[in-house]
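Visitor: I would like to go through the labels on this model. Please set each one against its cut-off.

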Amino acid sequence: MLDVVNRRPNTVVALIAGYFLLCIGLRLAISTSLEIDESEQAFVSQFLMLGYGSQPPFYNWLQYGLTSAFGPSLATMTVLKNGLLFLCCLFYRLAAREVLSDRRLTALATVGVLTFPPIFLLAQRDLSHTVAALFAVSLFLYAFIRTMTRPNLFAYVLTGAAVGIGVISKYNFALVPTAAILAILPEPKLRARLFDWRILVAIAVCTLIALPHGYWILENLGAASRNTLNEMGTAQQTSYLTKALKGIVALVAATLRGAALPLIVFALVFRKDLPTIWRAESPWTRVIGRMLLLCLGAVLLIMLAVGATHMREKWLVLFLVLLPLYLALKVEASGVDTTRSVRPFLLLVAFIIVTTLVVVSARAVVRPWFGKLSRLSIPYSTLVDTVVRQEGAEPAMVIAADKLLGGNVRTRLHGAKVFVPGNSSSSPIEHPAGPLLVVWSDNGKLDAQPPEGLLGILKSLGVPEAAMKPQQLALPYLHGNLPDRYGFGYFWITDPSRSAPTSNLSSPG
């Protein structure tokens with residue numbers, strides 16, 4: 001393995017590409033049903049908007065572009081996610097090559113990215129915007145380091161583009177370039193790059209990319225921040241001191257959980273040289289180390305300011321992803337022998353990520369054998385196929401009770417517009433120009449009655465009550481031979497009334 005890395009440095013890139021191709025293949029093989037984030041993307045990919053609620057729009061825009069080119073499908077969503085993760089590793093490798101002279105350590109730093117649970121576990125279950133932000137962090141890290149080591153106009157433009165992409169991928173990304181600026185201030189040679197006229201070009205590029213969504217944020221500040229603040233536990237009715245203590249404990253615990261695996265892997269491989277590595281430093285270990293600490297410190301200040309009491313590893317992975325590069329820089333600064341490090345490192349990481357991938361992929365098939373079900377077992381594809389077969393046609397429009405249902409239906413009905421009532425991530429519900437399918441489910445309960453909200457919408461569209469004849473389907477779960485059935489209800493309205501005007505039934509803001 002050592003000779004291969006030295007003679008063919010792109011081998012590691014090929015192995016990582018093979019891993020993500022395996023991720024794509026297994027996801028497409030296990031189930032046609034979608035997870036929550038996948039359903040969200042399938043639904044919102046119908047609409048090109050400046051903002052989609054509490055998350056920035058970059059991932060949505062990419063999904064919209066792929067969907068417009070190739071149609072809505074699980075394949076386009078899976079390829080986008082794993083493609084961005086591969087690009088994250090690729091730009092991380094480019095960044096590592098700028099500051100590491102040892103090719104073996106460049107390979108270890110790159111593979112180290114895959115040791116974070118949000119990347120090898122959560123992303124293969126259900127992540128989207130965090131994936132885009134990880135790509136942006138790696139792109140920024142490469143552009144930033146190149147600007148510091150080989151400054152030219154291209155490097156500054158790339159840095160500005162990376163920052164612009166980052167802030168419209170995930171709002172907390174803004175901490176990364178802020179920390180980078182502060183981290184180089186104590187280094188005179190690097191600090192001079194901040195006063196180069198080309199930094200104005202970088203700022204202009206960043207502004208052009210971020211400005212459209214920035215305008216939307218000014219008009220929809222509450223929608224952009226409300227969900228995140230609620231998830232962080234800011235609404236808890238406790239004293240400030242209690243919140244502060246809970247927030248500190250939550251941040252420390254999430255940091256330890258998020259950093260544990262890369263630290264353990266590096267420690268196992270270099271266990272004999274840990275004291276030497278611990279003491280070693282270089283200008284770039286100082287810069288990357290400061291960036292990491294500044295990002296975590298900023299998160300703590302934000303948590304204390306808003307009274308947040310919850311923190312998740314996936315929120316911190318944008319900052320902790322700096323850790324493999326920092327550790328590789330420490331190893332190089334120590335001067336320890338790395339000739340026997342690549343093989344055990346790659347084998348250990350490969351065992352962790354491939355085993356996890358197989359387990360995550362197999363759950364949809366194996367769990368029903370034991371009477372346990374997941375969203376991947378819900379027969380959404382069977383629902384659509386059954387309705388189309390029974391009615392003898394595809395609908396021109398679908399109104400679904402929620403985005404999970406709407407997104408799944410969308411991937412099976414490429415020609416139909418899908419709407420979800422009371423949703424701010426879509427355009428207003430249009431008046432149907434052909435057969436209308438209205439579908440709902442109450443967590444799979446049989447004979448579930450149509451929600452009042454759906455009935456109200458149909459009335460506002462001018463659909464007569466006589467046309468609202470609920471039909472029920474009890475369909476077998478995907479995989480396994482469980483006797484239970486999952487229940488759906490639907491209306492099929494062949495000739496919706498055309499008398500009512502177009503209604504704006506989406507939630508404001």
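Visitor: Why is the crossing of H5 and H7 called right-handed?
Guide: A crossing is right-handed if the near helix is turned clockwise from the far one by less than a right angle, and left-handed if anticlockwise. The H5 and H7 crossing is assigned right-handed. This is a predicted model: local features need pLDDT of at least 70, side-chain atom pairs count only at pLDDT 80 or more, and totals for chains, interfaces and linings use all residues. Residues are numbered from 1 along each chain as its sequence is written, and side-chain values use heavy atoms, without hydrogens or water.

Visitor: What makes H5 roughly antiparallel to H7?
Guide: The axes of H5 (residues 74–99) and H7 (residues 117–126) cross at roughly 160° and come within 10 Å. That makes the pair roughly antiparallel. The classes are under 35 degrees for roughly parallel, over 145 for roughly antiparallel, 65 to 115 for roughly perpendicular, and oblique for the rest. Axes are lines fitted to C-alpha atoms, for helices over the stretch in contact, with angles from 0 to 180 degrees between N-to-C directions. Helices themselves are DSSP runs (H or I, at least four residues), as strands are (E, at least two), numbered from the N terminus.

Visitor: Which residues of H5 and H7 meet?
Guide: On H5, Lys 81, Asn 82 and Leu 85; on H7, Ile 119, Ala 123, Gln 124 and Asp 126. Contact means heavy atoms within 4.5 Å.

Visitor: How do you know that H3 is roughly perpendicular to H5?
Guide: H3 and H5 pack at about 110°, with axes 10 Å apart. That angle makes H3 roughly perpendicular to H5. H3 passes H5 in a right-handed crossing. Glu 38, Gln 41 and Ala 42 of H3 meet Leu 74, Met 77 and Lys 81 of H5.

Visitor: Why is Met 77 called buried?
Guide: Its relative accessible area is 6%, so Met 77 is buried. Buried means under 20%, exposed over 50%, and partly exposed in between (1.4 Å probe, protein chains only). Leaving out residues up to four places away in sequence, Met 77 touches Leu 34, Glu 38, Gln 41, Ala 42, Tyr 59, Gln 63 and Thr 411.

Visitor: And what makes Gln 41 buried?
Guide: Gln 41 has a relative accessible area of 3%, so the label is buried. Gln 41 lies in H3 (residues 36–44). Beyond four places in sequence, its contacts include Tyr 59, Asn 60, Met 77 and His 129.

Visitor: What makes H9 mostly covered?
Guide: In H9, 11 of the 15 residues are buried. Among them are Tyr 156, Leu 158, Val 163 and Ile 165. The cover includes H4 (58–70), H8 (129–149), H10 (175–184) and H12 (198–219).

Visitor: Why are Asn 443 and Asp 447 called exposed?
Guide: Asn 443 has a relative accessible area of 69%, so it counts as exposed. Asp 447, at 55%, is exposed too. Asn 443 sits in the loop between S3 (436–440) and H22 (452–460), and Asp 447 is also in the loop between S3 and H22.

Visitor: What is the phi of each?
Guide: Asn 443 has a positive phi of about 55°, and Asp 447 one of about 60°. Most residues other than glycine have a negative phi.
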